[in-house]
Amino acid sequence: SPRPATERPSNPAVHDSAFLKALRGEPASHTPVWFMRQAGRYMPEYRALRAGRSMLDCIRTPELAAEITLQPIKAMPLDAAILFNDILTPLPTMGLDLDFVGGVGPQIANPVSTTADVDRLGVPSTAETMPYTAESIRLLVPELNARGIPLIGFVGAPFTLASYAIEGKGSRNYERTKRFMYAEPAAWERLMGKFEAILADYLTEQVKAGASAVQIFDSWVGALSIYDYRTFVKPATSRLIERVKKLGVPVIYFGTGTTHLLPDMASLGTNIVGADWRLPLNQAWDLLEPGQGIQGNLDPLLLQAPWRELRHQTDRILGEAAGRPGHVFNVGHGILPETSQAMVHRLTDYVHEQSQR
Ligand code: CP3
């Protein structure tokens, strides 16, 4: 069965929240809503708090990470919080020199380019190298429990993290990554294994500290063919997901550009698969396993369209979900910085009103 057994979290309001019900495939009072990148630059409070502070400083200071996580929760009636962090924070602990360069994005000064570079990467204990993550979660849980809001912990998936480790930055075609994968399959497998180990450990820490659900971001895996996904990526990703299922909280597996990969991603048996906006929600859902839920799938650009168009397409998506339990409303990829917070708020209210049952 694709639904792993889930233990009862300590807080009943959180356990009975619309979000965790949807993740368990149970009918809920309304369709739960959260947004990838809901804490971010589209929010004036976020820009104010970030002024003069680096991204990594905010992530590594529990009081700041907790405050940023709560900014969208205090501003809007969202159904879940996501820890303020980044998928790339484990990379420096492994020996990769990461910086977030304003206006450019993440940059790694010493990316992986040889098999020896793979073997030099460390797999340290995340409790020792990233203690601020569990500390941030411990600060957040009482605040969120009081509001009945679950907290989502997360990591990047092995392929998506390998793409940053090898390219050293964002990429369009992942040419270095694919060249390495094809030319050095044994070192590639060791690299996938190192990510599997550190990511399983990191998610374990997050769940032990109080995360109620976890999401695995495989943002760029859609660049692979079905054959390459099965050959080079699926085995380690599957082992990671098997380990994470044992933590007793529901799991979401998300990627973009994955129309062709959805059946394979679904076969890894997470509670929910995240879909981008390319397919109608019902068509994407039909590619998943029986009983599996879906998260998505509004094009984030629609938050910059006139309200009549945004409302029309939201109606369309809710219609495609057709009242089936197991739908979590979200954007198909992160909220863009140019988005108006008022539109995000209006959309959240609208999904709640329209899906009330
Ligand atoms: O969703 C949330 O509100 C939680 C926080 C979060 C961030 N990054 C904060 C962030 C999450 C879940 C992420 C995940 C992440 N990070 C992904 C997977 C999701 C996706 O978008 O595909 C990826 C690929 C990254 C890597 C990353 N981090 C990139 C490519 C960038 C630069 C691009 C950009 O938007 O600037 C970042 C920086 C980053 N991570 C920002 C935020 C809020 C923006 C930088 C800033 O505020 O200065």
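Leaving aside its neighbours within four places in sequence, with which residues is H333 in contact?

1. The structure is a predicted model, in which local features need pLDDT of at least 70 and side-chain atom pairs count only at pLDDT 80 or more, while totals for chains, interfaces and linings use all residues. Residues are numbered from 1 along each chain as its sequence is written.

2. To take the opening question, H333 is in contact with M36, T256, D276 and P300 once its neighbours within four places in sequence are left aside, where contact means that the C-beta atoms of two residues, placed from the backbone, lie within 7 Å. H333 sits in the loop between strand 9 (327–331) and helix 17 (341–355); helices (H or I, at least four residues) and strands (E, at least two) are DSSP runs, numbered from the N terminus. H333 counts as buried because it has 22 C-beta neighbours inside 10 Å, the cut-offs being 20 or more other C-beta atoms within 10 Å for buried, 12 or fewer for exposed, and partly exposed in between, with C-beta atoms placed from the backbone.

3. UniProt, in an unreviewed entry, places the feature "binding site" at R37, Q38, A39, G40, R41, D86, Y164, S219 and H333; such positions are given in the numbering used here, feature names are shortened, and annotations may be inferred rather than shown by experiment.

4. Y164, which the record includes among those positions, lies in helix 10 (residues 158–167). Y164 counts as buried because it has 25 C-beta neighbours inside 10 Å, and, leaving aside its neighbours within four places in sequence, Y164 is in contact with L88, L91, P106 and I108.

5. Helix 17 has 15 residues, which at 1.5 Å a residue should span 21 Å, and its end C-alpha atoms are 21 Å apart, in agreement with that figure; the expected span is 1.5 Å times one less than the number of residues. Its buried residues are V344, L347, T348, V351 and S355. Seen down the axis of helix 17, these buried residues fall within an arc of 100°, so they line one face of the helix, the arc being that of the directions from the helix axis to the C-beta atoms. On the other side of helix 17, A342 and E353 are exposed, whereas the cover over its buried residues includes helix 16 (307–321) and strand 9.

6. Y227 lies in helix 13 (residues 226–245) and is exposed, because 8 other C-beta atoms lie within 10 Å. The C-alpha atoms of Y227 and L261 are separated by 9.8 Å, with the two residues 34 residues apart along the chain.
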